[in-house]
Amino acid sequence: LRKVTTKQLRQQKKDREPIAMITAYDYPSAKIADEAGVDIILVGDSVGTTVLGYDSTIPVTIEDILHHTKAVTRGAKRSLVVADLPFATAHLSQDEVLRSATRLMQEGGAYGVKVEGNSGLTSKINSLTTAGIPVMGHIGLTPQSVNQLGGYAYQGKDRDTAKRLLDEAVRIEQAGAFALVLECVPEELGKLITETISIPTIGIGSGKLCDGQVLVFHDLLNFGAAFHPSFVKVYSDLSKIIHEAVRTYVKEVKEKQFPEEKHVRHITEETFDSLYG
Ligand code: KIV
Ligand code: NA
């Protein structure tokens, strides 16, 4: 079993072999993703909205990410596991950023971390990579900044913001990142950044021309998601499948159709009689 490495991902970019990435937050989903041939599994802070019931990723803590990372790394044998640094963590002191990332790798078993932010993080990324911590950048729409941005909108649609994102992508590569997530930028900007930098770009809502794609597990499978952004392709309807299964179970319990004879074990008549002494 050959494990995915940052070196392999770089080669995939050169060979124009697309990189498939998906989020996962627990053992069974990580195991399935790994066995399905996913290259990168992200323990995203989207765990906050998909699994923990928050209405944004802001409340997610390092303890939350660590807890889910441990479960994911037990299930992923081949895929490269990246864990998100949660809200504002990357903007704390160099020491604190290093400590958080170290925990995700040493305690959580992650291969590396993802750092979300459109500017001002290059010195932090540099100190992490200097310490041997692989870093994935994340620019464009950065959900941790939703309160500051005022909503979830496409980024880089005009010349100035597009230019700023391109410059930032170059700086993130120079700081030593091994890959870069581009979230919700126009396809043309995704293409330009992908052609400009030599590390792989992973797009979400950023068109067909990035080096790879990422989707949120629960979006792709319609598992509990109340709303899907327009860039999501829903490959299965788990909510419907699970709902029908559980509803049937409830009905069968109430109508005494479950358990059936095959689900039951018996004792001998002799033993039974002896219970009545
Ligand atoms: O948390 C997450 O799911 C992410 C991806 C959308 C890239 O950061
Ligand atoms: Na995230």
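**Close-up views of a predicted model**

**View 1. Pro 259 sits in the loop between helix H11 (238–254) and helix H12 (269–275).** Helices (H or I, at least four residues) and strands (E, at least two) are DSSP runs, numbered from the N terminus. Phe 258 and Pro 259 are joined by a cis peptide bond, with omega at about 0°. Before moving on, please note that this is a predicted model, in which local features need pLDDT of at least 70, side-chain atom pairs count only at pLDDT 80 or more, and totals for chains, interfaces and linings use all residues. Residues are numbered from 1 along each chain as its sequence is written, while chains are lettered from A and ligands numbered from 1 in the order in which they are written.

**View 2. Eight strands close into a barrel with parallel pairing.** Strand E3 (residues 80–84) and strand E4 (residues 112–116) run parallel and are joined by three bridges. In this pair, Val 82 stands opposite Gly 112 in E4.

**View 3. Helix H8 (residues 159–174) packs on the sheet.** H8 touches strand E5 (135–140) and strand E6 (179–183), and its direction makes about 175° with that of E5. Here, two residues are in contact if their C-beta atoms, placed from the backbone, lie within 7 Å. Axes are lines fitted to C-alpha atoms, for helices over the stretch in contact, and angles run from 0 to 180 degrees between N-to-C directions. Helix H9 (residues 187–196) lies across E6 and strand E7 (201–204), running at about 170° to E7.

**View 4. Ligand 1 has a shell of residues around it, including Thr 23, Asp 84 and His 138.** A residue is near a molecule or strand if its C-beta atom, placed from the backbone, lies within 6 Å of it. Also surrounding ligand 1 are Leu 42, Gly 44, Asp 45, Ser 46, Val 181, Glu 183, Ile 204, Val 214 and Val 216. By class, the shell has five nonpolar, four polar and three charged residues. Ala, Val, Leu, Ile, Met, Phe, Trp, Tyr, Cys and Pro count as nonpolar, Asp, Glu, Lys and Arg as charged, and the others, Gly among them, as polar.

**View 5. Helix H4 (residues 62–75) meets helix H5 (residues 94–106), with axes that come within 9 Å and cross at roughly 20°.** That makes H4 roughly parallel to H5; angles under 35 degrees count as roughly parallel, over 145 as roughly antiparallel, 65 to 115 as roughly perpendicular and the rest as oblique. Ile 62, Ile 65, Leu 66 and Thr 69 of H4 make the contact with Ser 100, Arg 103 and Leu 104 of H5. Four of these residues are nonpolar, two polar and one charged.

**View 6. The axes of helix H2 (residues 27–35) and H4 come within 7 Å and cross at roughly 40°.** H2 is therefore oblique to H4. From H2, the contact draws on Tyr 27, Pro 28, Ala 30, Lys 31 and Asp 34, and from H4 on Ala 71, Val 72, Arg 74 and Gly 75.

**View 7. Ala 88 is found in the loop between E3 and H5.** Although Ala 88 is not a glycine, its phi is positive, at about 65°.

Definitions and conventions:
Two strands pair if DSSP finds at least two bridges between them.
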